[in-house]
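Could you help me learn how to read a protein model? I would like to go through it one feature at a time.

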Amino acid sequence: MRELKLFLGPNHPGMHGNFSVHLYVDGDIVKRARPLPGMLHRGFEKLMERRLWTNNIALIPRICVVEPDINEMVYAMGAEALGNIEVPERAHWIRMIILELARIGIHMMAFGGIGGPTGLYTGPNWAITERDLILDIFEEITGARVYHMYIVVGGVRKDLPKGIEKKIENVLDKLEGRLSEYEDLILRNSTIINRTKDNIVLPEEVARELGVTGIGLRTSSGKAYDIRKVDPYARYDQVEFEVPVANYSDAYTRLETKYKEVKQSIRIIRQVLEKMPKDGPVRAKVSTGSALKWRIPKGQVFSHIESSRGEYGYYIVSDGSRQPYRIAVRGASYPQGLLGIEKYLPGTRLDDVAIWLDTMGVCAPEIDR
Amino acid sequence: MGNKKNFFAPIKAWKYLVKKPISIPMEDIFENPREAADRYRGFHANDWEKCIGCGTCSEICPTNAIVMQEREELPDEDGSKPEKPAIDYGRCTFCGLCVDICTTNSLTMTKEYVHISKDVDDFYFLPKENGIHDIKYENAYVRDEVSELLDLKRYDMVGLEADERKDSFIEIVKGFSKETAIAEASRCVECGICTKTCPATMNIPEYILSIWKDDLEEGVDWLYKTNPLPGVCGRICTHKCETACALGNRGEAVSIRWLKRYIVDNTPEEDYEKVVLANVSKGGEGKVAIVGAGPAGISAGYYLRTMGYEVDIFEAMPLAGGVMRYGIPQYRLPDYSLDKDISFIEKIGVKIHTNTQVGKDIQLEELHSKYDVVFLGTGFFGARGLNIPNSDHKDVHLAMDFLPQVRDFARGVIKDIDVHKSAVVIGGGNVAFDVARSLIRLQEIKYGKSDVKLIALENEEQLPADREEYEEGMEEGIKYQLGCGPQEVMLDDKGNIKGVKGFKCLSIFDGQHRFNPQFDTSDVKMVEGTQVYVSIGQSPDYSYLDKELEEKLGITRGKITKIGKNRQVEGVDWLFAGGDIVQGPDVIHGIADGHEAAKAIDEYLMNGKNKKK
């Protein structure tokens, strides 16, 4: 048997972020795979210990580039729990808008992303266009397209700009109108179907063994384990939505589930726009004084939310000073992205490695944080 | 889903082949960029007119992208630094925290976002009003109430109400509780503009930080580095620091003075003593005599002693403290506080000889022969009189004669002061208010009611006294006749004072900023009262100097002018001077002077010049 060593990443179109996998292949079958984190040189967790509680909002969005807001949210939730800070009602609802828009945004990216490994390049062009409409909304609300730094400890950084509700609705309408075309182009495309159906199967035992959450767990087990339902945060307990599940998890099912989730997110945002208080405060005080001296009381907390890739959490320890003492990030893709690659990527055809990484939801910075 | 159907489904996408593309052509991105959103966090703009160079933006910057750059063309004034923020866009994350925390609102972010260069050093900018490329772009990300990162409101200081305080000399201000002090301390942005403004360059941000950390021992250490009378300054300092405080631009300045007082009043005695005594070092060889135990003398004595010199202070009065002991009334500066400060001066080994007047009990020449160096800190203890008709009447009193009696009365040394039921105070400075408010108290104690009127040349805005003096005086019942120049003390048939006649004051200074008041003689004011107290300034007493020395000092308008920056008298090596007689009346200036002089004396003695065996 001849074995060949191939490098996937750290810079590779099929790799998400600066992350490297050494592939030992025999023919076009992967025999062994060795994930190599450490290419990012960011050291998020350590950096957070050296930054003020306020300052960290400039750093943490970078742990997930495509869906940065989840970081801001878990960070804020954790600090708020430690500091007994009561978030104003309106801020909860604004946060939901941001989080769900971000979820749609990353799912659109995934729709486009599947075009890379399968060769369907119309997909990325379309999806990025639609995603950009969402980024336009983000730009108007937060002042930035990608790293929003908008959800902060105590609420949100600024109130919604006037008339944004109408613009959000327009984007949702437009997106909804396009969804059937996406279905035609991607989900009913034989290129995609042939490459993803019955391919990259994730059995329930494997999901449980590794600790996979999110779409992976839901499509393999049929159980609706979604933090928004099992431990509701913000005001997710006051809106109606379904958690799509399945009993067979192949690449296609997982892709299809994202499509279904986009529809649910649109449904959530519509309800939020209708139910949210129309005015009122959006930010509570963290502690006395200027932001340079904000302190969070001593204690420890684990806060978690549902990201597009599963359960996303921060374990935060505060020693009562103006910087966090320790923050550990529970990246949703850590189990499959590190352990999963090593144990379950072998056996995959070389052409399908990128599909494996894409549909399993591997996000480099949250592994290499 | 049949395979056939699936085969045709994607073909529907072909309809877009004939549609216009929505992507923007490359050349348009550079030449005609898409307009950014109204809140867009683009490149910065900084209004140099407003920016005070406090550096708070640089302090909060998570990536250290902002560096404060010193600019020679900028003036170095109180309340600002000659620095402006420069931003490295290679590091900037465009988070906008700098904008949210800007103390003056000068920093904003614009809609500009295009900058192209192959040179990495080309991303370092000093933004001005028109952004980084000097092209005016619309402001985009600006701070609002929600994104505010400063705490602009002061925490209230608890004090006695007017009714509770006006019939006794009990201290008005009660001091901060621990919680309030920490909360107030947390407002500080540590810019240090206060330090720059303080005559004694006190380490204000540092001691405020100690309060915030609840490490008062460290706080005491910071205080004594530049000020050996923190208890006094924590109560009666004219707090130029608070006027300069960066937070004052958009909100209320940090209560720096009360925070200083909090450290002094709340540090446990043994910790306090440990810190202060630890400051004394051995090494200085020499003896220094100090004339006058006022702020300047005590400060010079303290620092000389910490350097190891032997220090003797000669004070004419029975108690040390000078104007702090015999001028400022008890309700502002109680004896116990002054005693505490002075006790530590004595504990480190400074000898204070009270009841010893130089020029009478001991001659200056004698000090010169016995000591290596003599420091003069005799202050402005005399009163300046007012030269108007009948101002020599027996019921016309001078502030600096009256105030020592008030202090002695309050501490029980004298039993009675001859105050009438009604009085007129002339003057608009802090001392005039001290007189007026003391009179209120004395009248209330004696008669159960008070009638005090205050005449000043200045109107309400020009009044040199602190605003709080004006307001608290009003609460206590002083009636003001401001913008009025006294012309004559009016007498009745029996020769007793019945009031003061004044003209409306039109202007105080002439075109050359010289004191030259103009009056409207047709607008006559009669202010009634049977006693008059004049408080229009203080004067020095140089009777202890011989003629020859007096000439060498070059005394002009009461101040010594022939003196170097190091407080050494020109041409008289062994003589140094400081405080009021050099700077004019102010406690904190006196302390600063004493410290400066101590350093200069140390240098002088170390160099061994003129050293006696």
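The dialogue below takes up confidence, the interface and one residue.

Q: Where do I start, and what is the mean pLDDT of chain B?

A: This is a predicted model, where local features need pLDDT of at least 70 and side-chain atom pairs count only at pLDDT 80 or more, while totals for chains, interfaces and linings use all residues. Residues are numbered from 1 along each chain as its sequence is written, chains are lettered from A and ligands numbered from 1 in the order in which they are written, and side-chain values use heavy atoms, leaving out hydrogens and water. pLDDT is the predictor's confidence in each residue, from 0 to 100. For chain B the mean is 91, with 98% of residues at 70 or more. The model also has ipTM 0.93 and pTM 0.90.

Q: How do I read an interface, and what area is buried between chain A and chain B?

A: The size of an interface is often given as the accessible area lost when the parts come together. Buried area is that loss for two parts, summed over both (1.4 Å probe). Here about 3800 Å² is buried between chain A and chain B, and carbon and sulfur atoms give 53% of this. On the side of chain A, K158(A), R188(A) and K293(A) lose the most area to chain B, together 19% of what that side buries. Contact means heavy atoms within 4.5 Å, and 47 residues of chain A are in contact with 49 residues of chain B.

Q: How many salt bridges cross the interface of chain A and chain B?

A: A salt bridge is a side-chain nitrogen of Lys or Arg within 4 Å of a carboxyl oxygen of Asp or Glu. The rule finds eight across this interface. One of them joins K15(B) to E181(A), at 3.4 Å from N to O.

Q: Is E184(B) buried or exposed?

A: Buried means under 20% relative accessible area, exposed over 50%, and partly exposed in between (1.4 Å probe, protein chains only). E184(B) counts as buried because its relative accessibility is 0%. Its neighbours in contact include R154(B), F176(B) and L259(B), not counting residues up to four places away in sequence.

Q: What share of chain B do buried residues make up?

A: In chain B, 55% of the 613 residues are buried. The C-alpha atoms of chain B fill a box of roughly 125 × 70 × 50 Å along the principal axes.
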